[in-house]
Amino acid sequence: MDLSNGFDNVPVLFDQSSAGTTSPDFEYSTDNVQGPGCSIDPSEVTLPGCSCLSRSCLPESCSCLQAHGQVYDSTGRLLHVSGTGSGYCSPMFECNALCTCSDACCNRVVQRGLTLRLEVFRTQNRGWGVRTLEAIPCGTFVCEYAGEVISLEEASRRQLAQKSEDNNYIIAVREHAGTGATTETFVDPAAVGNVGRFLNHSCEPSLIMQPVRVHSVVPRLALFAGRDIDVHEELTFDYSGGYSNQPPAELLSSQSDAKLQASRTDALQRKECHCGAKNCAQFLPLDLSIIS
């Protein structure tokens, strides 16, 4: 069974071997969609393009690469694989629909969509999960975390409306925008999303998340292999934005902060983490900034 209904380049397999397993109820979308409070349509082309006529852009002549820097090698893998460890990311840009370079340009990776064989399966104690059906080299683009792009206010409303048994899919990504400024993007794939919505958290993940801008100023939340990944290994990322045993972003540094956390989360129940990592934080990350 193809969970993507043919929308992805490669079928997203759905393991129905578990007793009583039925397909999850949501609308599959390979791209971000405009949600409540989002003033920009993610499908609108708003970024300028380069005028390169070569098969693949070169850093010394491409306006995209000169403006934003080269992030991929000649094989399309990340040049530098590292986690933020702080919940903040640096923006990445690809050539876009207005660029005159070919579709084979090395600076076009995330926009090509899913190319790996992935399978959604039922884990033993963490609900749904995603595993790879082929080996994945470090730095390879795996999939997006796509869904509704919503405002902070809508993210807060949805999170506060959740019951303790509900899954929280909302991801908040903060990027350095220069001179100390940051930009925020909130994505919720609960009702509309792709295979990324089934990825589990791990305190020692195999994937890293990087916001990548392609055609729009609204970033795509791209997930890359943070290390070499074996066949049939479950794919995970750190919901807090950390990587390589970095502490979760919302860990508190003082007793006063702890009291503040308690007052903000009276209506929320922290969920236990069952990732099994040696450095497990015991509870799933919770971004308090959404509900503060």
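What does E134 count as by its relative accessibility: buried, partly exposed or exposed?

Reply: E134 counts as partly exposed, at 21% relative accessibility, where buried means under 20% relative accessible area, exposed over 50%, and partly exposed in between (1.4 Å probe, protein chains only). The model is a predicted one, in which local features need pLDDT of at least 70 and side-chain atom pairs count only at pLDDT 80 or more, whereas totals for chains, interfaces and linings use all residues. Residues are numbered from 1 along each chain as its sequence is written, and side-chain values use heavy atoms, with hydrogens and water left out.

The side chain of E134 meets that of R117 in a salt bridge, at 3.7 Å from N to O, the criterion being a side-chain nitrogen of Lys or Arg within 4 Å of a carboxyl oxygen of Asp or Glu. E134 sits in the loop between β7 and β8 and R117 in the loop between β5 (92–93) and β6, so that distant parts of the chain, 17 residues apart, are linked; helices (H or I, at least four residues) and strands (E, at least two) are DSSP runs, numbered from the N terminus. R117 is likewise partly exposed, with a relative accessible area of 42%.

R213 in turn forms a salt bridge with E175, with a closest N to O distance of 2.7 Å, and the two residues, in strands β13 and β10, link parts of the chain 38 residues apart. Both R213 and E175 are buried. Through shared partners, salt bridges also join E148, E154, R157, R158 and D188 into one network.

A nonpolar core is a set of buried Ala, Val, Leu, Ile, Met, Phe, Trp, Tyr and Cys residues joined through side-chain atoms within 4.5 Å. In the largest such core, of 34 residues, L118, V120, V142, Y145 and L235 touch the most other members. The strands that each supply at least two residues of this core include β6 (118–122), β7 (128–132) and β8 (141–144), and β14 gives the most, with three residues.
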